[in-house]
Amino acid sequence: MKESSKLAVGTVQKTLALAVLTGLLLTGCGGKQEATQPTATATATAVSQTTENVTVPGVVGLTLDKASDQLKKLGLKVEAVDTAHGKSIIVEKNWQVISQDPANGAQVAKGSAVHLGVKSLDDIAAEKAAAEKAAADKAAAEQAAAAKAAAEKAAAEQAAAAKAAADQAARDAAAKAAEQAAAQKVVPAPVQAPAPAPAPATAYYANCSAAKAAGAAPLYRGQAGYSSSLDRDGDGVACER
């Protein structure tokens, strides 16, 4: 009986020992898990801070030094390249931004690089001068063309006016000639007086009344019936009145 009792007590002691050990193991795992959770939270917070996004501002048109200041204040990196000639960039204020990537308004993570295409102010000034010269040359050419067109128009109008004047003069001359010809056509031809009837060879008229009654007046010298007594003015024509 005593041996059976001893065995029973030993079994209970072993069971209690196992229970205590199991409890300790569970308590240790829970503590480890609780200790691990703050570390995971801190890591997540750090990752969140690392991936913070910023809005890229528009810097096209600014000089490179001012554009770089804006971007760097936002925690962004700047990579500038001369897109025209590939020259080395030494003095940033002598360069102007003509393109950017990412574009204005893009969302990027802090620490990201913004690629800027730049051109030297000397090149920009030369291009501007060339453009202004081209515009001036074009304006001068257009003005010369307009002046030429105006001169040609004036010459054409003058020629047309001269032709119109010549045509009018020709019409006036033709009208005057027609009037003169018409006037010449209506002038009546002179009426010739009928020749006096020949007097008989032996005619004799006592006076002009007798000669007129016979239808022989006027009488011309040498004509039958002519007499100097009838020719009072002696002009060779008797009884003319």
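Colleague: Which helix does Asp123 lie in?
Modeller: Asp123 lies in helix H3, residues 121-186. Keep in mind that this is a predicted model.

Colleague: What does Asp123 touch, leaving out residues up to four places away in sequence?
Modeller: Asp123 touches His85 and Lys87.

Colleague: Let's step back. How many helices and strands are in the protein chain?
Modeller: There are 4 helices and 7 strands. Along the sequence the pattern reads α-β-α-β-β-β-β-α-α-β-β.

Colleague: How much of the chain counts as buried?
Modeller: 15% of the 241 residues.

Colleague: And what share of the contacts comes from residues 24 or more positions apart?
Modeller: Those account for 54% of the contacts with a separation of 6 or more.

Colleague: On to the sheet. What is the strand order in the open sheet of 3 strands?
Modeller: The order is S2-S5-S3, and the pairing is mixed. The edge strands are S2 (77-82) and S3 (95-101), and each pairs on one side only. Neighbouring strands are turned by 35° against each other on average, direction ignored.

Colleague: Which way do S2 and S5 run, parallel or antiparallel?
Modeller: S2 and S5 run parallel, joined by 6 bridges. Within that pairing, Val81 has Gly117 of S5 as its bridge partner.

Colleague: In what sense do S3 and S5 pair?
Modeller: S3 and S5 pair in the antiparallel sense, over 6 bridges. S5 covers residues 113-120. Gln96 has Lys119 of S5 as its bridge partner. Gln100 stands opposite Leu116 in S5.

Colleague: How many residues of S5 are buried?
Modeller: 6 of the 8. So S5 is largely enclosed by the rest of the structure.

Colleague: Which helix lies across S2, S3 and S5?
Modeller: Helix H2, residues 64-73. H2 runs at about 170° to S5.

Colleague: Back to charges. How many salt bridges does the count come to?
Modeller: The count comes to 4 salt bridges. One of them joins the side chains of Glu127 and Lys119, at 3.1 Å from N to O.

Colleague: Lys119 again, the partner of Gln96. Is Lys119 buried or exposed?
Modeller: Lys119 is buried, with a relative accessible area of 15%. Glu127 is partly exposed at 43%.

Colleague: What about Asp137, which residue does it form a salt bridge with?
Modeller: Asp137 forms a salt bridge with Lys133, with the closest N and O atoms 3.0 Å apart. Both lie in helix H3, 4 residues apart, about one turn of the helix. Asp137 is partly exposed at 42% relative accessibility. Lys133 counts as exposed at 52%.

Colleague: And which residue does Lys163 form a salt bridge with?
Modeller: Lys163 pairs with Asp167, the closest N and O atoms being 3.1 Å apart. They sit 4 residues apart in helix H3, so about one helical turn separates them.

Colleague: How accessible is Lys163, and how accessible is Asp167?
Modeller: Lys163 has 53% relative accessibility, so Lys163 counts as exposed. Asp167 has 30%, so Asp167 counts as partly exposed.

How values were computed
Residues are numbered from 1 along each chain as its sequence is written. This is a predicted model: local features need pLDDT of at least 70, side-chain atom pairs count only at pLDDT 80 or more; totals for chains, interfaces and linings use all residues. Side-chain values use heavy atoms; hydrogens and water are left out. Two strands pair if DSSP finds at least two bridges between them. Helices (H or I, at least four residues) and strands (E, at least two) are DSSP runs, numbered from the N terminus. Axes are lines fitted to C-alpha atoms, for helices over the stretch in contact, and angles run from 0 to 180 degrees between N-to-C directions. Contact means heavy atoms within 4.5 Å. Buried means under 20% relative accessible area, exposed over 50%, partly exposed in between (1.4 Å probe, protein chains only).
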